[in-house]
Amino acid sequence: MKIGVVGTGLVGGACANACVLRGVGTELVLVDHNSDLAMAQAEDIFHATPFAQSMPVRAGSYDDLEGCGIVMVAAGVNQKPGESRLDLLKRNADIFRRIVPDIIKAAPQAILLIATNPVDIMAHLATEVAQESGIAAHRVIGSGTILDTARFRALLARHLGISSHSIHAYVLGEHGDSEMLHWSGVTVGTVSLPVFAADMRVALTDAVRDEIDRGVRQAAARIIRGKGATYYGIGAGMARIARGIIENEQAVITCTQLHPEIEGIRNVALSLPVIINAQGVAHIVHPALAGNERQALARSAEILRHAADAIGCR
């Protein structure tokens, strides 16, 4: 499947590179308002193909997205010194209102994968713009908490001394400060987390849970302090979603969708586990939540709804 990447900075470049390294897709087209950057990224990534998946990787214009089955969107601007989060949100919203119609015009059959932050709001806006062109909501997917979920599993695995592949654990809600770690739903080897930890004689105290929570919730801030941005993790996450689409996997992944209602909050985009297949999102899974988790998810939904209101989303 031909994949387009719109916005070829650190995140877009990492998405394209991850596709090559993981063998996702058969052709990559990179598009950016800075054509020199797109060409440089395409050439650099193409030079990795002899070591990974052999495929054409080239820079192009929006017209070159024709025939893409997936378009990854990582376009956006960085926060200026002294700029508020809302002002940044409005600037990125203006960019999306310009570029999403151009993407759809060139590749009307493509599934859109959104990575631009704040990803829940950008996915909400992209869904509304796409719907104006007749594109169904299940074909616009935000990366959401796929990376937060991976962080949760990685930290739990390290604490338990097992492989992260053996853990089912999810982060729900916003990809951001109000995200909710779904502790009550964690299972390891078919049993609940407390039972497994007790069997392994591994402590699972409130202090341990708090440390893991901080490790997940504050990961982006730590990485940004150290190197200025996060991109490898989300690049791998975007390639994972794309693989689920291309291979019609029916895979359960936490991604952002626009929901009619979440915990009493109407028309809000956030992450829940969803089933990914060749059509995009085939089904949304609504996990059983403890009382405090329902409150946390409602609070996350309310925060996101307020942000969506600020940029004029329905």
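**Backbone, helices and a pocket**

Analyst: One place to begin is the loop between β10 (187-188) and β11 (191-192), where Thr-190 is found. Please keep in mind throughout that this is a predicted model.

User: What is the phi of Thr-190?

Analyst: Phi of Thr-190 is near 75°, a positive value in a residue other than glycine. Most residues other than glycine have a negative phi.

User: And is Thr-190 buried or exposed?

Analyst: Thr-190 is exposed, because its relative accessible area is 78% and the cut-off for exposed is over 50%.

User: What about the phi of Arg-201?

Analyst: Arg-201, although not a glycine, has a positive phi of about 55°. Its place is the loop between α6 (193-199) and α7. With 77% relative accessibility, Arg-201 counts as exposed.

User: Which peptide bond is cis?

Analyst: The bond from Asn-117 to Pro-118 is cis, with omega near -5°. Pro-118 sits in the loop between β5 and α4. Most peptide bonds are trans.

User: Which residues of α2 are buried?

Analyst: Ala-38, Gln-41, Ala-42 and Ile-45 are buried in α2. These residues cover an arc of only 100° around the axis, which means that they are on the same side of α2.

User: Why would such a spacing put residues on one side?

Analyst: An α-helix has 3.6 residues a turn, so residues three or four places apart point the same way.

User: What does that buried side pack against, then?

Analyst: The buried residues of α2 pack against α1 (10-22), β2 (27-31) and β3 (57-59). The face turned away from the buried side carries the exposed residues Asp-36 and Asp-44.

User: Which contact is made at the start of α2?

Analyst: A side-chain oxygen of Asn-34 comes to within 3.2 Å of the backbone nitrogen of Asp-36 there.

User: Now α3. What is its reach from first C-alpha to last?

Analyst: Helix α3 (residues 85-106) has 22 residues and reaches 31 Å, close to the 32 Å expected at 1.5 Å a residue. Its buried residues include Leu-88, Leu-89, Asn-92, Phe-96 and Ile-103.

User: What do the buried residues of α3 pack against?

Analyst: They pack against the strands β1 (2-6), β4 (70-73) and β5 (111-114), and against the helices α4 (119-131) and α10 (291-310).

User: On to pockets. What is the volume of the second largest pocket?

Analyst: The second largest pocket has a volume of about 570 Å³. Its lining consists of 19 residues, of which Ile-146, Thr-149, Ala-150, Arg-153 and Arg-240 lie nearest the centre.

User: Which element gives the most to that lining?

Analyst: That is α5, with five residues. At least two residues of the lining are supplied by each of α5 (146-160), β7 (167-168), α9 (232-246) and β12 (251-262).

User: You mentioned Arg-240. What does Arg-22 touch?

Analyst: Arg-22 touches Ala-239, Arg-240 and Arg-243, not counting residues up to four places away in sequence. Arg-22 itself is found in helix α1 and is partly exposed, with a relative accessible area of 39%. The C-alpha atoms of Arg-22 and Gln-53 are separated by 7.2 Å, and these two residues are 31 residues apart along the chain.

User: And Tyr-231, where is it placed?

Analyst: Tyr-231 is in the loop between α8 (219-227) and α9. Tyr-231 counts as buried, because its relative accessibility is 16% and buried means under 20%. Leaving aside neighbours within four places in sequence, Tyr-231 is in contact with Leu-10, Val-11 and Ala-14.

User: Last one: is Asp-213 buried or exposed?

Analyst: Asp-213 is buried, with a relative accessible area of 18%. This residue lies in helix α7 (residues 206-217). Not counting residues up to four places away in sequence, Asp-213 touches Leu-181 and Trp-183.

Terms used. Residues are numbered from 1 along each chain as its sequence is written. This is a predicted model: local features need pLDDT of at least 70, side-chain atom pairs count only at pLDDT 80 or more; totals for chains, interfaces and linings use all residues. Side-chain values use heavy atoms; hydrogens and water are left out. Buried means under 20% relative accessible area, exposed over 50%, partly exposed in between (1.4 Å probe, protein chains only). Helices (H or I, at least four residues) and strands (E, at least two) are DSSP runs, numbered from the N terminus. The arc is that of the directions from the helix axis to the C-beta atoms. Contact means heavy atoms within 4.5 Å. A polar contact is a pair of N or O atoms within 3.5 Å; within protein, one must be able to donate a hydrogen and the other to accept it, and residues adjacent in sequence count only if both atoms are side-chain atoms. On a 1 Å grid over the protein atoms alone, a cavity is a set of points where a 1.4 Å probe fits but cannot get out, and a pocket is an open set with protein on both sides within 12 Å along at least five of seven lines; lining residues have an atom within 4 Å of a point. Grid points are joined across faces, edges and corners, and a volume is the space filled by probe spheres set on the points. The expected span of a helix is 1.5 Å times one less than its number of residues.
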